[in-house]
Amino acid sequence: MQQKSICFIGGGNMAQAIVFGLLKTGYPANLITVCDPNEDKRSLFTEKKVLFSTDNQTTVEKSDVMVLAVKPQVASDVCSALSAVDFSEKLVISIMAAISVEKITALLFHADNIVRVMPNTPALVSTGMSGLFARANVSMEYKQFAESLLQAVGQTCWVENESDMHTVTAASGSSPAYFFLFMEAMQQSLLNMGLTVQQARLLVQQSALGAAKMVVENPTVELATLRQNVTSKGGTTAAALNVFNEKQLAQIVEQAMLACVERSKEMEKLF
Ligand SMILES: NC(=O)C1=CN([C@@H]2O[C@H](COP(=O)(O)OP(=O)(O)OC[C@H]3O[C@@H](n4cnc5c(N)ncnc54)[C@H](O)[C@@H]3O)[C@@H](O)[C@H]2O)C=CC1
Ligand SMILES: O=C(O)[C@@H]1CCC=N1
């Protein structure tokens, strides 16, 4: 990928996942600066030769690309504090949930090149999934840079309408937590049935990995078919699935994803 100087505003969980994922691809550490007021974060980055600063403005001024990776709640304050920076020759990538391009444009001076991204933490293990959105005015060069940045740590999917970023959040940004919750519940159940923590963890994680790999490596096979292939008539799997179906797992999942989308819409108005 093209090499540009990138600064991350915010060095929390998601920024770390992207930065450390990027380093694994060989992206030069000295082209990345992470800005965070929390000094405790410094050594996390500097021990990997990534630059660290507590001075957002000076760092942004020196960078080609700014990645906004702070919480949506502080987006306005963080952007307003950068009002002296001219963004006309810079690419702004925002990974903040629910913060619209319109909002960022209003807060930053001449920020014409904004790409919104909804990544997820598996970027850390080069298996991220990111949804991307840019308005029509953003140049192909900037769109391609944003795409290659996220492709360095996983896969990408563009959406044409910004409103779809709410939906994407339910599918990429938040969804690893759904799978972790499911695995936690399986692990707890195995512990309750007398297995050790190590046994339970190994059984759950390897089965989850295997199932995900089956899906990825059989793109033409329906998910339902993969499920049916495990489910013998009158057998053990059918007994388990009957419980999920009786408890309406599909409806629970839909309600959860809708709640995620609704919260994203609410946050767009709040922050
Ligand atoms: N955690 C996740 O799985 C995902 C998070 N996101 C988005 O990424 C953004 C960051 O989320 P997390 O990394 O989870 O949060 P986090 O709380 O782990 O990190 C936020 C960081 O911003 C820093 N910060 C606060 N004020 C700052 C300032 N004025 N200048 C620079 N840094 C400042 C904090 O010290 C903290 O280290 C959020 O907007 C979230 O919506 C998007 C997709 C997935
Ligand atoms: O929970 C959140 O609000 C953030 C956005 C997507 C994942 N984490």
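The C-alpha centres of domain 1 and domain 2 lie 32 Å apart. This is a predicted model. The domain assignment places domain 1 at 6-164 and domain 2 at 175-268. Seven residues of domain 1 are in contact with four residues of domain 2. Five salt bridges turn up in a search of the whole structure. The count of disulfides is zero.

**A buried lysine**

- K90 sits in the loop between α4 (75-80) and β5 (91-94).
- K90 is buried, yet it has no salt bridge.
- The nearest side chain of opposite charge belongs to D64, and it is 6.2 Å away. A salt bridge needs the nitrogen and oxygen within 4 Å.
- Backbone oxygens do come within reach of K90. The K90 side chain reaches the backbone oxygen of V60 at 3.1 Å.
- A polar atom of the K90 side chain also lies 2.8 Å from the backbone oxygen of S63.
- Leaving out residues up to four places away in sequence, K90 touches V60, E61, K62, S63, D64, V85, N113 and Y142.

**Salt bridges**

- R42 and E39 meet through their side chains in a salt bridge, at 2.7 Å from N to O. R42 is partly exposed, at 32% relative accessibility. E39 is partly exposed too, at 42%.
- E162 forms a salt bridge with R116, and the closest N and O atoms are 2.8 Å apart. This pair links distant parts of the chain, 46 residues apart. E162 is in the loop between β8 (154-158) and α7 (164-171), while R116 is in strand β6.
- Both partners of that pair are buried: E162 has a relative accessibility of 17%, and R116 has 3%.
- K265 and E262 join their side chains in a salt bridge, at 4.0 Å from N to O. Both residues lie in helix α12 (residues 249-270). They are three residues apart, about one turn of the helix.
- K265 counts as partly exposed at 35% relative accessibility. E262 is partly exposed as well, with a relative accessible area of 44%.

**Cysteines**

- Zero disulfides are counted. Two cysteines show the reason.
- The closest cysteine sulfur to that of C79 is in C7, 12 Å away, so the two are too far apart for a bond. C79 is buried, at 0% relative accessibility.
- The closest cysteine sulfur to that of C260 is in C157, 15 Å away, which is also too far for a bond. C260 is buried, with a relative accessible area of 16%.

**Positive phi angles**

- Most residues other than glycine have a negative phi. Two residues here go the other way.
- A98 is not a glycine, but its phi is positive, at about 70°. A98 is found in the loop between β5 and α5 (101-107). A98 is buried, with a relative accessible area of 0%.
- S126 also has a positive phi, near 55°, in a residue other than glycine. S126 lies in the loop between β6 (114-118) and β7 (128-134). S126 is partly exposed, with a relative accessible area of 38%.

**A glutamate on helix α6**

- E147 lies in helix α6 (residues 140-151). E147 counts as partly exposed, at 22% relative accessibility.
- With neighbours within four places in sequence left aside, E147 is in contact with L132, T156 and W158.
- E147 and L132 are 15 residues apart along the chain, and their C-alpha atoms are separated by 7.7 Å.

How values were computed. Residues are numbered from 1 along each chain as its sequence is written. Chains are lettered from A and ligands numbered from 1 in the order in which they are written. This is a predicted model: local features need pLDDT of at least 70, side-chain atom pairs count only at pLDDT 80 or more; totals for chains, interfaces and linings use all residues. Side-chain values use heavy atoms; hydrogens and water are left out. Helices (H or I, at least four residues) and strands (E, at least two) are DSSP runs, numbered from the N terminus. Buried means under 20% relative accessible area, exposed over 50%, partly exposed in between (1.4 Å probe, protein chains only). Lys and Arg count as positive and Asp and Glu as negative; His and the chain ends are not counted. A polar contact is a pair of N or O atoms within 3.5 Å; within protein, one must be able to donate a hydrogen and the other to accept it, and residues adjacent in sequence count only if both atoms are side-chain atoms. Contact means heavy atoms within 4.5 Å. A disulfide is a pair of cysteine sulfur atoms within 2.5 Å. Domain bounds come from an automatic or database domain assignment.
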